[in-house]
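Please keep the sequence and the structure in view while reading.

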Amino acid sequence: MASKKQAVELVALQCSGCKRRNYTTQKNRRNTQDKLELSKYCPFERKHTIHKETKVK
């Protein structure tokens with residue numbers, strides 16, 4: 001059966017520098033329609049960088 005899309009979805013956060021997916025988080029689609037951009041710590045670059053929303057594989 002086809003599942004109904006939920007209001008809250010699981011998204012991955014990808015580093016803008018090294019392009020690795022370092023974090024996962026939940027996002028409410030009703031409240032935020034645009035993509036998330038958060039400043040998070042990247043352990044591979046060892047500094048804070050911008051992480052953008054991508055799909056979880």
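Leu-38 stands opposite His-51 in strand E4, where strands are DSSP runs of E with at least two residues, numbered from the N terminus, as helices are for runs of H or I with at least four residues. Strand E3 is joined to strand E4 (residues 47–55) by 6 bridges, and these two strands run antiparallel; two strands are said to pair if DSSP finds at least two bridges between them. Within this pairing, the bridge partner of Cys-42 in E4 is Lys-47. The hairpin of E3 and E4 has 4 residues between the strands, and in this hairpin Arg-46 takes a positive phi near 55°.

This is a predicted model, in which local features need pLDDT of at least 70 and side-chain atom pairs count only at pLDDT 80 or more, while totals for chains, interfaces and linings use all residues. Residues are numbered from 1 along each chain as its sequence is written, and side-chain values use heavy atoms, with hydrogens and water left out.

The sheet as a whole is open and is formed by 4 strands in the order E2-E1-E4-E3, with antiparallel pairing. Its edge strands are E2 (21–28) and E3 (37–42), each of which pairs on one side only. On average, neighbouring strands of this sheet are turned by 45° against each other, direction ignored, with axes taken as lines fitted to C-alpha atoms (for helices over the stretch in contact) and angles running from 0 to 180 degrees between N-to-C directions.

| Strands | Bridges | Residue pair |
|---|---|---|
| E1 and E2 | 7 bridges | Gln-14 and Arg-21 |
| E1 and E4 | 5 bridges | Val-11 and Lys-55 |
| E3 and E4 | 6 bridges | Leu-38 and His-51 |

Strand E1 covers residues 8–15, and the hairpin of E1 and E2 has 5 residues between the strands, among which Lys-19 takes a positive phi near 65°.

Thr-49, whose place is in strand E4, is buried, with a relative accessible area of 10%; buried means under 20% relative accessible area, exposed means over 50%, and partly exposed lies in between, with a 1.4 Å probe and protein chains only. Not counting residues up to four places away in sequence, Thr-49 touches Cys-15, Leu-38, Ser-39, Lys-40 and Cys-42, a contact being heavy atoms within 4.5 Å. The C-alpha atoms of Thr-49 and Ser-16 are separated by 6.9 Å, although the two residues are 33 residues apart along the chain.

Two of the residues touched by Thr-49 are cysteines, Cys-15 and Cys-42. A search of the whole structure finds 0 disulfides, a disulfide being a pair of cysteine sulfur atoms within 2.5 Å. Cys-15 is in no disulfide, and the nearest cysteine sulfur, that of Cys-18, is 3.8 Å away.
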